[in-house]
Amino acid sequence: MTDLSELDRGAAPGAADPVKVLLHRHRELCERAVDPLEIAAGLEAHGITDRTAARFRHRDVFSLAEELYARVPRDADTAADASAAPAREGDRRRSVAVLLLPLLPGTLCAAALIALARTHGQTRLYAAAAGVVAVALALRAALRRGPLALPVALASRSATGSWTCWLLVHAVLGDGLLRTAVAGGPDGLPDGTAGGDWPVALAPLLALTLAVAPATWTAGLFLTHARRKLAASRGLEDFAASVRPVLLGAVALFLGALAALVALCAPFLDAGPVSPAVLALGVLLFVARLLTVHGFTHAPRVILMLTAVAQVLAPATVFAARLPGCAALGAPVEALTAASGPSAVPVLTCGAGALTLLVHASRTLARASAHLRPEQAR
């Protein structure tokens with residue numbers, strides 16, 4: 001963080017060229033930037049506001065960034081022009097990969113479910129194991145490219161994968177476990193069917209893997225429109241006010257696509273209508289990923305962890321209530337399940353988590369510095 005008191009001294013009336021002082025302090029940022037917008041975002045990340053820019057004789061941070069960008073010599077422009085054609089060809093190839101790779105997890109998940117439906121006994125177990133591995137590898141490949149890919153600098157700090165896996169497992173097994181726990185079971189392990197001692201719900205898993213594609217494309221739309229808003233804005237507050245509706249629109253668009261996928265998958269798997277629990281989980285994971293790829297890793301990690309823990313505690317209290325003198329422990333969950341069904345637990349936990357992260361994202365992703373490339377944020 002830049003010491004603003006020192007910047008004030010640099011911008012004092014006695015200073016012959018106050019912008020030169022700022023350029024010296026942020027020369028690496030200015031040299032790496034591909035346009036003035038990245039400098040503006042970087043300055044905001046260092047605590048420089050429109051009011052601070054006025055002390056450098058500029059009306060806002062964007063105007064100050066334009067002068068800083070113009071002052072930095074760029075000897076590599078000719079070499080960049082010579083390599084423009086190969087770069088454009090590489091961009092086209094990456095665009096095709098971003099378009100097609102997100103379709104892979106849902107496709108493989110559908111194939112795995114078809115294999116499960118046509119196998120029995122030990123063969124079904126092998127088919128399930130192969131399907132899990134294939135879908136996991138496809139998800140990893142899809143999330144390593146495109147707008148939902150984590151920058152290398154953030155990959156080691158983002159520890160949300162295990163919590164995400166738990167939430168997905170709960171979407172498949174959680175409702176069945178809670179229902180049978182309230183009824184006094186389960187009497188056996190899950191057998192991969194919806195009618196066993198421990199019922200399994202496969203529609204949520206298929207819908208969520210298919211939703212990787214609209215999540216990727218929607219995130220790309222958000223990033224593109226946010227970049228355009230950044231180019232059109234003439235102040236940090238102006239940008240924040242204009243990008244919040246874009247974020248809410250992106251989340252609403254993804255929610256609509258997920259609802260359509262859930263409704264499409266349910267009849268083929270003999271499942272019920274659109275489940276609010278799946279929608280809440282999908283939005284939670286989508287907003288958490290958006291925040292993470294923009295460098296805000298702490299809030300998604302904490303919220304996903306708390307959501308997973310709350311879902312573990314729900315059936316745990318029901319089982320604990322079977323101990324002598326502990327019947328009151330399971331009363332709240334049993335009452336909630338009796339009133340609204342077992343899906344009420346993930347609706348409440350995932351819904352609260354999604355709402356919390358969305359409020360957080362409306363503040364953090366509305367900053368210009370949130371849209372700074374990782375290498376520019378240093």
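Leaving aside neighbours within four places in sequence, which residues is Ala280 in contact with? They are Val347, Cys350, Gly351 and Ala354. Contact here means heavy atoms within 4.5 Å.

**The model and the whole chain**

This is a predicted model, in which local features need pLDDT of at least 70 and side-chain atom pairs count only at pLDDT 80 or more, while totals for chains, interfaces and linings use all residues. Residues are numbered from 1 along each chain as its sequence is written, and side-chain values use heavy atoms, with hydrogens and water left out.

The chain has 19 helices and 0 strands. Helices (H or I, at least four residues) and strands (E, at least two) are DSSP runs, numbered from the N terminus. The chain holds 378 residues, and 43% of them count as buried. Buried means under 20% relative accessible area, exposed means over 50%, and partly exposed lies in between (1.4 Å probe, protein chains only). The accessible surface comes to about 19,000 Å². Carbon and sulfur atoms account for 65% of that surface. Areas come from the Shrake-Rupley method with a 1.4 Å probe; for residues, only the protein chains shown count as cover. Take the contacts between residues at least 6 apart in sequence: 75% of them join residues at least 24 apart.

| Helix pair | Angle | Axes apart |
|---|---|---|
| H16 (residues 276-293) and H19 (residues 344-364) | about 30° | 8 Å |
| H2 (residues 18-25) and H6 (residues 61-71) | about 70° | 10 Å |

Axes are lines fitted to C-alpha atoms, for helices over the stretch in contact, and angles run from 0 to 180 degrees between N-to-C directions. Angles under 35 degrees count as roughly parallel, over 145 as roughly antiparallel, 65 to 115 as roughly perpendicular and the rest as oblique.

H16 packs against H19 at about 30°. That makes H16 roughly parallel to H19. Their crossing is left-handed: the near helix is turned anticlockwise from the far one by less than a right angle (clockwise would be right-handed). The contact of H16 with H19 has 16 nonpolar residues, 4 polar and no charged. Ala, Val, Leu, Ile, Met, Phe, Trp, Tyr, Cys and Pro count as nonpolar; Asp, Glu, Lys and Arg count as charged; the others, Gly among them, count as polar.

Ala280 sits in H16. Its relative accessible area is 12%, so Ala280 is buried. Ala280 and Pro346 are 66 residues apart in sequence, but 7.8 Å apart in space, C-alpha to C-alpha. Thr364 belongs to H19. At 3% relative accessible area, Thr364 is buried. Not counting residues up to four places away in sequence, Thr364 touches Leu291, Phe296 and Ala370.

H2 and H6 pack at about 70°, so they are roughly perpendicular to each other. Val19, Lys20, Leu22 and Leu23 of H2 meet Leu64, Glu67, Leu68 and Arg71 of H6. This contact of H2 with H6 has 5 nonpolar residues, no polar and 3 charged.

H4 spans residues 36-45. Of its 10 residues, 8 are buried, so H4 is largely enclosed by the rest of the structure. The buried ones are Leu37, Glu38, Ile39, Ala40, Ala41, Gly42, Leu43 and Glu44. Just after H4, Gly47 takes a positive phi of about 90°.

Ile48 lies in the loop between H4 and helix H5 (50-54). Ile48 counts as buried because its relative accessibility is 0%. Ile48 and Asp60 are 12 residues apart in sequence and 9.9 Å apart in space, C-alpha to C-alpha.
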